[in-house]
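Welcome, and take a moment to look over the sequence and the model below. We will walk through them together, step by step.

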Amino acid sequence: MVINPVLERLGTPTPLDEEEDGEGCLSVPGEWFPLARFPQARVTGTDLEGNEIVLEGEDLFARCLQHETDHLDGYLYVDRLTGPWKSEAREASKDRGWADAGITKWDPSTTKAEDV
């Protein structure tokens, strides 16, 4: 656990590889879209005892660090999509009813196992 995490994105994002750079999330179950991320990341903060903690990684771990700190900042990975994937994500949200007024959270009872 990292309290008050601060994310540093490191390196230069490489060109998007649509097959290798896919990302999904239980906040948007059943969907998977290509998303470019920085190849390295570092998160600093404190642990439960107040000691400084540093987590640093590259590739998949860097993607995870960026993804999870996005949640803390109020973003989902679909908020960072660009081009046709942004449109596809919007359409998927409409198709699943997530864009309807009053829908404020995902209800797992309405999702089939094959959708996740």
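What follows is a short tour, from the overall layout to individual pairs of side chains.

Please keep in mind that this is a predicted model. The protein chain has two helices and five strands, and along the sequence they come in the pattern β-β-β-β-β-α-α. Of its 116 residues, 29% count as buried. The chain exposes about 7,800 Å², and carbon and sulfur atoms supply 51% of that area. Now consider how the chain meets itself: among contacts between residues at least 6 apart in sequence, 64% join residues at least 24 apart.

Let us turn to the aromatic rings. A pair of aromatic rings is described by the distance of the centres and the angle of the planes. Searching the whole structure turns up one aromatic pair. Its partners are Phe-33 and Tyr-77, whose ring centres are 6.5 Å apart and whose planes make an angle of 35 degrees, a tilted arrangement. Phe-33 belongs to strand β3 (residues 32-34), while Tyr-77 sits in the loop between α1 (60-72) and α2 (83-95), so the pair ties together parts that are 44 residues apart in sequence. Are these two residues buried or exposed? Phe-33 has a relative accessible area of 4% and is buried; Tyr-77, at 1%, counts as buried too.

Over the face of Tyr-75 lies Arg-80, at 4.7 Å from the ring centre.

Next come the charged side chains. Side chains of opposite charge can pair when their charged atoms come close. Here the count comes to 10 salt bridges. One of them joins Asp-21 and Arg-63, with 3.5 Å between the closest N and O atoms. Asp-21 is in the loop between β1 (3-10) and β2 (22-24) and Arg-63 is in helix α1, so this bridge ties together parts that are 42 residues apart in sequence. Both Asp-21 and Arg-63 are buried.

Because Arg-37 lies in the loop between β3 and β4 and Asp-70 in helix α1, the pair ties together parts that are 33 residues apart in sequence. Arg-37 counts as buried at 9% relative accessibility, and Asp-70 is buried with a relative accessible area of 1%.

A further bridge runs between strands. Glu-56 pairs with Arg-42, and their closest N and O atoms are 3.0 Å apart. Glu-56 is in strand β5 and Arg-42 in strand β4, 14 residues apart. Glu-56 is partly exposed, with a relative accessible area of 48%, and Arg-42 counts as partly exposed at 22%.

Arg-9, Asp-21, Glu-23, Arg-37, Arg-63, Asp-70 and Arg-80 are linked in a network of salt bridges.

Our last stop is Leu-48, in the loop between β4 (40-46) and β5 (52-58). Leu-48 counts as exposed, at 62% relative accessibility. Which residues does Leu-48 contact, leaving aside its neighbours within four places in sequence? They are Met-1 and Ile-3. Leu-48 and Met-1 are 47 residues apart along the chain, and 7.5 Å separates their C-alpha atoms.

Key
Residues are numbered from 1 along each chain as its sequence is written. This is a predicted model: local features need pLDDT of at least 70, side-chain atom pairs count only at pLDDT 80 or more; totals for chains, interfaces and linings use all residues. Side-chain values use heavy atoms; hydrogens and water are left out. Rings of Phe, Tyr and Trp (its six-membered ring) pair if their centres lie within 6.5 Å; planes under 30 degrees apart count as stacked, over 60 as edge-to-face and the rest as tilted. Helices (H or I, at least four residues) and strands (E, at least two) are DSSP runs, numbered from the N terminus. Buried means under 20% relative accessible area, exposed over 50%, partly exposed in between (1.4 Å probe, protein chains only). A charge sits over a ring if NZ of Lys or CZ of Arg is within 6 Å of the ring centre and within 35 degrees of the ring normal. Contact means heavy atoms within 4.5 Å. Accessible areas come from the Shrake-Rupley method with a 1.4 Å probe; for residues, only the protein chains shown count as cover. A salt bridge is a side-chain nitrogen of Lys or Arg within 4 Å of a carboxyl oxygen of Asp or Glu.
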